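Dear colleague,

Please find below the structure that I am handing over to you, together with its sequence.

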2 protein chains.
Amino acid sequence: MSNAMSHAESAQGPIGLSNQDAEILARLPLLAGLSADSVQDLLRDAAVQTYDRGTLLFVQDDPATRFFVILDGWVKLFRNSESGDESVIAVFTRGESFAEAAIFGDSRYPVSATVVEDSRLLVVPAMHFLRRLSENGDYALKMMASMSRHLRQLVTQVEQLTLNSSAERLAAFLLKLSPRDDGAVVIRLPFDKSLIAGRLGMQPETFSRSLNKLRGLGVECKGPLVSVADVAALRGAGAAGGLKTRRL
Amino acid sequence: MSNAMSHAESAQGPIGLSNQDAEILARLPLLAGLSADSVQDLLRDAAVQTYDRGTLLFVQDDPATRFFVILDGWVKLFRNSESGDESVIAVFTRGESFAEAAIFGDSRYPVSATVVEDSRLLVVPAMHFLRRLSENGDYALKMMASMSRHLRQLVTQVEQLTLNSSAERLAAFLLKLSPRDDGAVVIRLPFDKSLIAGRLGMQPETFSRSLNKLRGLGVECKGPLVSVADVAALRGAGAAGGLKTRRL
DNA sequence: CCCGAGAATTGATTTGAATCAAGGAATGGG
DNA sequence: CCCATTCCTTGATTCAAATCAATTCTCGGG
């Protein structure tokens with residue numbers, strides 16, 4: 001089924017990817033700026049797979065033998081405490097890679113991962129990829145830049161958890177989703193509200209209430225659609241502590 | 001002053017390090033298993049520097065031009081919110097490296113760093129180090145393993161913040177410091193209690209009270225010394241939810 | 001088109017931790 | 001050796017968010 005589809009690219013694309021998929025890979029921090037040949041080389045034995053919502057990709061402490069690039073859909077990374085409840089560490093979507101970091105060192109996944117929307121993923125086995133990395137410094141630098149990015153995200157997350165209120169975390173989340181940084185926008189929430197709540201370290205009830213608190217700042221919510229009257233104003237309010245932070 | 005000190009090693013040690021310092025470097029995940037020559041090679045223009053407590057090493061968003069290895073002392077990484085208060089992201093000590101990840105990608109420090117105890121640091125300029133990394137896959141893999149480790153730490157931190165109580169986080173902190181994993185131990189707190197509180201995402205007052213809550217589990221505290229009657233029991237209580245977690 | 005299950009909201013209540021406010025050790029300099 | 005500054009502890013109070021408890025809303029299937 002992979003032949004005769006897309007004329008020129010289909011034959012030379014890494015593992016039989018559509019043009020659009022190839023586009024995604026090209027933009028990936030991990031591979032950005034590499035030649036088509038290089039990408040082909042790195043991803044030689046990678047494969048595209050389709051997963052249904054709910055599929056468990058790997059479990060915390062599993063040996064890490066592969067990592068993933070999301071071509072479509074959403075994936076949740078989480079941890080389970082001994083007591084059974086879960087902490088959402090990250091949620092990724094199209095154009096993002098995850099678990100690359102795990103294939104180094106002791107090479108066990110530090111989190112579990114499930115598919116939260118039907119997804120198409122590029123699955124990259126570690127073995128060949130690692131070999132190529134160690135042979136080519138250029139690849140390795142890209143990889144480190146990508147890991148560095150994930151590190152930053154987590155740093156931000158720790159910061160937010162320790163010093164922002166629920167409403168502020170939600171505001172920050174909306175701002176990150178906003179396509180523009182001022183004026184009025186309508187944002188479509190990318191997945192279930194309760195999952196967003198988890199991602200932001202709060203209960204669903206608190207999520208709902210936080211959304212209400214933002215109403216005073218021009219935020220309205222109908223179903224999965226959130227309209228923000230003035231993005232800049234929302235950001236300003238967050239920074240100024242118009243929503244309560246711990247005082248100075 | 002570097003000659004005639006330690007007989008054999010002094011001459012061939014990286015940049016005139018004592019045997020003990022060389023020992024530290026050898027154990028560093030970043031360099032572990034590399035030959036003396038390789039280390040010498042990588043750290044060619046690194047230098048040992050002494051810093052007084054309170055010294056600001058770099059500020060969040062500074063261009064990241066160097067990273068550090070701690071030969072002695074303690075260093076705090078933190079972020080400042082717009083509103084002025086700080087979030088402690090990590091505290092590192094002898095034998096640990098930090099800010100390696102920052103020298104990749106956009107190459108700005110994602111955090112600020114200050115010295116919290118008089119310290120001796122190995123300062124490693126990024127330029128030469130990066131060049132060597134890209135030339136030698138072995139170096140790069142080590143580096144990634146090290147970054148992977150930091151990533152794991154942050155993941156754990158996010159998890160703890162979202163689903164453990166203050167008392168549990170403190171218990172986990174003590175357990176990590178414990179030299180043995182059962183029986184009775186006395187632990188010396190490595191730095192000020194208020195800094196530990198910050199590191200654990202709580203106020204100093206809450207730290208004090210959490211310590212009291214642990215008294216019921218055989219934890220006593222005199223000054224900077226904490227005695228644990230039974231390490232295994234403490235761990236058990238934490239896991240079992242003897243200290244309150246969110247219920248299942 | 002209606003129905004049932006899961007998702008989301010809303011309300012009432014509890015509670016863990018922050019804040020406010022003093023006291024009490026400890027530490028270092030004069 | 002004493003004082004002062006800083007750190008730590010303890011108490012009273014407040015507050016944000018979790019928990020408990022109903023509804024209401026939504027959406028896909030019969």
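Two residues are counted as being in contact if their C-beta atoms, placed from the backbone, lie within 7 Å. Please note that this is a predicted model.

Chain A contains nine helices and nine strands. Its radius of gyration is 20 Å, close to the 18 Å that the globule rule gives for 248 residues, so chain A is as compact as a globular protein of that length. The C-alpha trace of chain A spans about 55 × 45 × 35 Å along its principal axes. As for burial, 38% of the 248 residues of chain A count as buried.

I turn now to the two copies.

Where do the two chains meet? The contact is made by 44 residues from chain A and 44 residues from chain B. On the side of chain B that touches chain A, strand S4 (86-93), helix H4 (126-135) and helix H5 (137-163) of chain B each give two or more residues. The largest share, 21 residues, comes from H5(B). Sorted by class, this side of chain B has 21 nonpolar, 14 polar and nine charged residues.

Yours sincerely

Methods:
Residues numbered from 1 in each chain as written. Chains lettered and ligands numbered in written order. Predicted model: local features only at pLDDT ≥ 70, side-chain atom pairs only at ≥ 80, totals over all residues. Helix = DSSP H or I, 4+ residues; strand = E, 2+ residues; numbered from the N terminus. Nonpolar A, V, L, I, M, F, W, Y, C, P; charged D, E, K, R; others polar. Rg over C-alpha atoms; globule rule 2.2 N^0.38 Å. Buried ≥ 20, exposed ≤ 12 C-beta atoms within 10 Å, placed from the backbone.
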